[in-house]
Amino acid sequence: MSHTELVAWSGLVIGLAFGATAQATGFCLMRGLANAWTRGDTLKLRAFALAMAVALLGSQALVATGILSLGGALYLPPSASWLAVPLGGALFGYGMVLANGCGARSLVLLGSGNLRSFVVLVCLGLAAAMTLSGLLAPLRVWLEGATTLALPARELPGLLGVPAWLVALVLGGALTAWALSSRDFRASPREWLGGLAIGALVPAGWYATGVLGFDDFEPVRLATLTFIAPIGDSLQYAMLSTGSRLGFGVSVVAGVLAGALVMALARRDFRWQGFSGPGHMGRSMAGGSLMGIGGVLALGCSIGQGLSGFSTLALPTFAALAGILLGAWLGIKGPLSLSNSTT
């Protein structure tokens, strides 16, 4: 088996684990924020925080032990747009409220029989492709060119002048402490096991692409869990797969869909669901489109930046996360709030 085939198979396994876990636990940042801000229920949000801690500590452990270098990760550019990254995050955050979940959650819901998510995913993938290399690409390039600045450091430890392992221990420890400070959370294995499992998949992805995929002559692009560009790539692969190589991101997307389907059937939780009316469909289409555009500008989604980008301690990640939280707040509680379901 070649190293590229090994990486593709690894992506499928990681996707299967993500899809099955997310389907069984309801892991979702948007749902966590909505529950916390509208009902005071922080269980889902604590699960996401625990996943952030595990992703960070696991990834930085690989770096500290010399197994892996994250220097080639997408999230660590030498320069970044001070406008496009947070603006993209805000568009993504508001879009995920409109669509009732991020791209990863939409894949999980589609695997559970939710046909609304199919429309969300198609719109997300098309909008992402248009922003990356299609009709919207010139506008993106102009915006980034007009607002890009050289960063004082590529990651938070470099900015602070302290070792990365120390920053990881402090942030990871704080997130873990907050997550476990709730007795209800500690008493809910469904929540904390979900956070642990999904968080661990981020360093697994880094290992798959950075170690298993390493080759002097044909290296695999360093990547882990993210869902904006891979969803667009998956649509393209479905149409033009002849002669194309199956990559890590497309394998993850296929795995998430399959894992969610298997878990939904096993739990007898599979049921067909559709739109309640044209307005509902339009909202989902708008949400998917905003997530596709925003995710490209922000260099990632709630999983791509919230877990994977955070695991690198990249400076742009913190701006993207701030934008995502702002956009979500605007849609859930702010002046642009929407009446929405968090199922």
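Q: By class, what residues does the lining of the largest cavity have?
A: In this predicted model, that lining has ten nonpolar residues, one polar residue and one charged residue. The residues that line the largest cavity are Phe 18, Ala 22, Phe 27, Cys 28, Leu 29, Phe 48, Cys 102, Ala 104, Arg 105, Val 108, Ser 302 and Ile 303.

Q: Which helices each supply at least two residues of the lining of the largest cavity?
A: They are H1 and H5. The largest share comes from H5, with three residues.

Q: Why is H1 called roughly perpendicular to H5?
A: H1 and H5 (residues 103-111) pack at an angle of about 80°, and their axes are 9 Å apart. Angles of 65 to 115 degrees count as roughly perpendicular, so H1 is roughly perpendicular to H5. On the H1 side the contact is made by Phe 18, Gly 19, Ala 22 and Gln 23, and on the H5 side by Ala 104, Arg 105 and Val 108. By class, the residues of this contact are four nonpolar, two polar and one charged.

Q: How do you know that H5 is mostly covered?
A: The label buried calls for under 20% relative accessible area, and nine of the nine residues of H5 are buried. They are Gly 103, Ala 104, Arg 105, Ser 106, Leu 107, Val 108, Leu 109, Leu 110 and Gly 111.

Q: What covers the buried residues of H5?
A: The cover includes H1, H2 (29-39), H6 (116-133), H12, H13 and H14. As for what comes after the helix, H5 is followed by Gly 113, which has a positive phi, near 100°.

Q: What makes H12 and H13 another example of a roughly perpendicular pair?
A: Their axes come within 8 Å and cross at roughly 90°. Since 65 to 115 degrees is the range for roughly perpendicular, H12 is therefore roughly perpendicular to H13. H12 brings Pro 230, Ile 231, Asp 233, Ser 234 and Tyr 237 to the contact, and H13 brings Gly 249, Val 250 and Val 253. Five of these residues are nonpolar, two are polar and one is charged.

Q: Which element gives the most to the lining of the largest pocket?
A: That is H12, with seven residues. Other elements that each supply at least two residues include H1 (3-25), strand E1 (79-81), H4 (84-98) and H7 (137-147).

Q: Is Thr 209 buried or exposed, and why?
A: Thr 209 has a relative accessible area of 1%. The cut-off for buried is under 20%, so Thr 209 is buried. Thr 209 is found in H11 (residues 189-212). Not counting residues up to four places away in sequence, Thr 209 touches Val 7, Phe 214, Val 220, Arg 221, Leu 222, Ala 223 and Phe 248. Thr 209 and Thr 224 are 15 residues apart along the chain, with 7.4 Å between their C-alpha atoms.

Q: Why does Ser 59 count as buried?
A: Its relative accessibility is 0%, and buried means under 20%, so Ser 59 counts as buried. The place of Ser 59 is in helix H3. Apart from neighbours within four places in sequence, Ser 59 is in contact with Leu 70, Val 202, Pro 203, Trp 206 and Ser 311.

Q: Why is Pro 78 called exposed?
A: Exposed means over 50% relative accessible area, and Pro 78 has 59%, so Pro 78 is exposed. Pro 78 sits in the loop between H3 (43-64) and E1. Leaving aside neighbours within four places in sequence, Pro 78 is in contact with Ala 150, Leu 151 and Arg 154. From Pro 78 to Ser 234 there are 156 residues in sequence and 29 Å in space, C-alpha to C-alpha.

Key:
Residues are numbered from 1 along each chain as its sequence is written. This is a predicted model: local features need pLDDT of at least 70, side-chain atom pairs count only at pLDDT 80 or more; totals for chains, interfaces and linings use all residues. Side-chain values use heavy atoms; hydrogens and water are left out. Helices (H or I, at least four residues) and strands (E, at least two) are DSSP runs, numbered from the N terminus. Axes are lines fitted to C-alpha atoms, for helices over the stretch in contact, and angles run from 0 to 180 degrees between N-to-C directions. Angles under 35 degrees count as roughly parallel, over 145 as roughly antiparallel, 65 to 115 as roughly perpendicular and the rest as oblique. Contact means heavy atoms within 4.5 Å. Ala, Val, Leu, Ile, Met, Phe, Trp, Tyr, Cys and Pro count as nonpolar, Asp, Glu, Lys and Arg as charged, and the others, Gly among them, as polar. Buried means under 20% relative accessible area, exposed over 50%, partly exposed in between (1.4 Å probe, protein chains only). On a 1 Å grid over the protein atoms alone, a cavity is a set of points where a 1.4 Å probe fits but cannot get out, and a pocket is an open set with protein on both sides within 12 Å along at least five of seven lines; lining residues have an atom within 4 Å of a point.
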